[in-house]
Amino acid sequence: MRIGGSAWLGTRLALAATLIGAYCIGFYVHLHLSFDRWDTTWYLAIAQHGYADPRTPNFFPLFPILEAGIGRVLAGGHYPPHRYLLGAGLGITAIATFVAFCALAALVELEEDARTAAAAVRLLAAYPLAMFLAVAYTDAPFLAATLVFFLCVRTRRWTAAALAGLAAGLLRPLAPVLAIAILAELAIEVALRRTDSATIKGRLFASAGPLVGTGLFSGYLWWRFGDPLLFVHTQTHYWNHVAAWPWHTLADAVTKMLHPDVYLALDFSLVIAFGVLAVVMFAR
């Protein structure tokens with residue numbers, strides 16, 4: 001907890017300094033400062049009105065449910081105003097980031113040592129897109145649930161792992177990948193005869209968590225809208241996101257790199273860095 005807590009405190013102080021500086025600059029350049037932007041507005045809309053808008057089903061339900069519940073508590077049991085819901089969302093992400101840092105430190109220290117754990121947490125905190133861990137998005141809660149899931153699997157706490165996986169399944173559509181990872185590792189261990197029946201049962205139980213979480217939301221969408229995969233279909237109908245082969249995406253990114261686009265350049269450079277690091281890790 002010391003490693004994760006110190007990294008969390010450092011990032012919060014850096015964030016506070018950045019916000020204060022931006023606020024001061026805003027006095028002179030009329031900079032509009034607000035945490036209520038982009039996907040945050042959609043989660044707040046769900047927290048206030050449920051899935052009333054046909055564009056909202058691609059946003060999973062656990063985060064807005066927590067926003068609505070905490071917001072109501074802050075409002076003394078009354079219908080929470082917008083600022084209370086936003087404050088609840090920011091509080092959730094702050095706590096989730098702390099949990100994610102601590103879980104990552106514990107997981108890496110379990111596999112390696114405290115020095116490597118500290119380096120891993122610092123790298124996560126310095127990752128460019130870690131800025132999304134400070135806004136009312138699902139990035140921080142999903143990361144926290146994922147890391148707790150793997151940590152509990154490693155320490156053979158199967159019920160806690162299943163609950164963390166369940167939370168992940170109610171936060172992001174990618175949660176079933178967690179189950180695939182655990183099942184793939186289990187298949188290798190079974191093939192090499194490096195596991196026992198208790199571990200097999202425990203891992204199967206834990207891997208069910210993410211699948212059940214996603215399944216619950218799919219069941220709700222089926223009951224409410226008649227389409228269990230509506231969270232996939234809204235991506236195409238309303239957000240212009242379509243499935244493509246990886247090489248098509250890569251070619252499209254290279255083509256767009258010819259035009260000035262700082263966001264695409266950042267994304268693409270991180271993809272390249274990840275690919276290089278993946279090759280190095282496999283080589284090790």
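Reader: What conventions apply to the model and its numbering?

Author: The model is predicted: local features need pLDDT of at least 70, side-chain atom pairs count only at pLDDT 80 or more, and totals for chains, interfaces and linings use all residues. Residues are numbered from 1 along each chain as its sequence is written, and side-chain values use heavy atoms, with hydrogens and water left out.

Reader: How many helices and strands does the protein chain have?

Author: Helices (H or I, at least four residues) and strands (E, at least two) are DSSP runs, numbered from the N terminus. The protein chain has 12 helices and 0 strands.

Reader: How does the radius of gyration of the protein chain stand against that of a compact globule?

Author: The radius is taken over C-alpha atoms, and the globule rule is 2.2 Å times the number of residues to the power 0.38. For 284 residues the rule gives a value near 19 Å; the protein chain has 21 Å, which agrees. Along the principal axes, the C-alpha trace spans about 65 × 45 × 45 Å.

Reader: What share of the residues is buried?

Author: Buried means under 20% relative accessible area, exposed over 50%, and partly exposed in between (1.4 Å probe, protein chains only). Buried residues make up 36% of the 284 in the protein chain.

Reader: What share of the contacts joins residues 24 or more positions apart?

Author: A contact means heavy atoms within 4.5 Å. Of the contacts with a separation of 6 or more, 66% are between residues 24 or more positions apart.

Reader: What span should helix H7 have, and how far apart are its end C-alpha atoms?

Author: The expected span of a helix is 1.5 Å times one less than its number of residues. H7 (residues 158–169) has 12 residues and should span 16 Å; its end C-alpha atoms are 16 Å apart, which agrees. Helix H3 (residues 62–74) has 13 residues and reaches 18 Å from its first C-alpha to its last, close to the 18 Å expected.

Reader: Which residues of H7 are buried, and where do they lie around the axis?

Author: An α-helix has 3.6 residues a turn, so residues three or four places apart point the same way. In H7 the buried residues are Trp 158, Ala 161, Ala 162, Ala 164, Gly 165, Ala 168 and Gly 169. They cover an arc of only 165 degrees around the axis, which puts them on the same side of H7; the arc is that of the directions from the helix axis to the C-beta atoms. On the other side of H7, Thr 159 and Leu 163 are exposed.

Reader: What covers the buried residues of H7?

Author: The cover includes helix H6 (139–154), helix H8 (176–191) and helix H9 (197–225).

Reader: Where is Arg 172, and which residues does Arg 172 touch?

Author: Arg 172 lies in the loop between H7 and H8. At 24% relative accessibility, Arg 172 counts as partly exposed. Not counting residues up to four places away in sequence, Arg 172 touches Phe 60, Thr 138, Asp 139, Phe 142 and Thr 214. Phe 60 is 112 residues away along the chain, yet the two C-alpha atoms are separated by 6.0 Å.

Reader: Which side chain makes a polar contact with Arg 172?

Author: A polar contact is a pair of N or O atoms within 3.5 Å; within protein, one must be able to donate a hydrogen and the other to accept it, and residues adjacent in sequence count only if both atoms are side-chain atoms. The side chains of Arg 172 and Thr 138 are joined by such a contact of 2.7 Å. Another, of 2.8 Å, joins the side chains of Thr 199 and Arg 156. Thr 199 is in helix H9 and is buried, with a relative accessible area of 6%.

Reader: What is the phi of Arg 156, and where is Arg 156 placed?

Author: Most residues other than glycine have a negative phi, and most peptide bonds are trans. Arg 156 has a positive phi, near 65 degrees. Arg 156 is in the loop between H6 and H7 and counts as partly exposed at 44% relative accessibility. Arg 193, also not a glycine, has a positive phi of about 55 degrees. Arg 193 is in the loop between H8 and H9 and counts as exposed at 77%.
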